[in-house]
Amino acid sequence: MPEFRHRDPAAPDFWNERFEQAFTPWDRAGVPMALRSFVAARAEPMSVLIPGCGVGYEVNFLADAGWDVTAIDFSPVAVATARAALGRWADRVVEGDFFAFNPLFKPQLIYERAFLCALPPAMGERIVERWAELLAPGGLLAGFFFIDESAKGPPFGITVERLKTLLEREFVCLEDAPVDDSIPVFAGRERWQVWRRKDSAALPI
């Protein structure tokens, strides 16, 4: 088993160590079916921001589909790993702090994949507030949420009630479905959800 010196998942060094030692049990090495279905159902491509992108498989998938995607990670090693894997889309991955990052565009979609559950639960409110700040009017938050009673992590679980409390301040839920193709670390405890930012000028869904 690898040995780690850093224990704070809110710090880049925590994730640097794990990518350096190839200890990434959250990595599914592919694109989940729910995201593929979501993209296939859209009439037009969307502008997308992916916080905490890791290796960035979804970056490749979305960019190949013609979507304008930018991904961000605060781990330099994760960013280097993603850029090495993405080839012609390498420049879509940016190193930076999600809470300070200001993209040059207003995303229509924020894609959530093991970002909320990667950071300590006490940061949940800040994450949701930042999602809402970054999204375009009526923009969508779509992705996977790790539903679990245990707060030990990462991945840090969240209850259905707590997730609703956090998100319903800024968002309206449009879709909530079980996930059939989860990797072992999330199996049986993952939901695909789509939320729309509360706004008078909503995007078509």
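**Exercise 1. Determine how far strand β1 is covered, and which way its residues point.**

Strand β1 spans residues 47-51 and is mostly covered, with five of its five residues buried, where buried means under 20% relative accessible area for a 1.4 Å probe and protein chains only. The strand itself is a DSSP run (E, at least two residues), as a helix is a run of H or I with at least four, numbered from the N terminus. Next, sort the side chains by direction: S47, L49 and P51 point one way, whereas V48 and I50 point the other way, and all are buried.

The model is predicted, so local features need pLDDT of at least 70 and side-chain atom pairs count only at pLDDT 80 or more, while totals for chains, interfaces and linings use all residues. Residues are numbered from 1 along each chain as its sequence is written, and side-chain values use heavy atoms, with hydrogens and water left out.

**Exercise 2. Find the strands with which β1 pairs, and in which sense.**

Begin with β2 (residues 68-73), which pairs with β1 in the parallel sense over five bridges, pairing requiring at least two DSSP bridges between two strands. In β2, D68 is the bridge partner of S47. Then turn to β4 (residues 109-113), which is also parallel to β1, over two bridges, and in which I110 stands opposite L49.

**Exercise 3. Identify which element gives the most to the lining of the largest pocket.**

Helix α1 gives the most, with four residues. The elements that give two or more residues to this lining are α1 (12-20), α3, β2 and β4.

Note on methods:
Buried means under 20% relative accessible area, exposed over 50%, partly exposed in between (1.4 Å probe, protein chains only).
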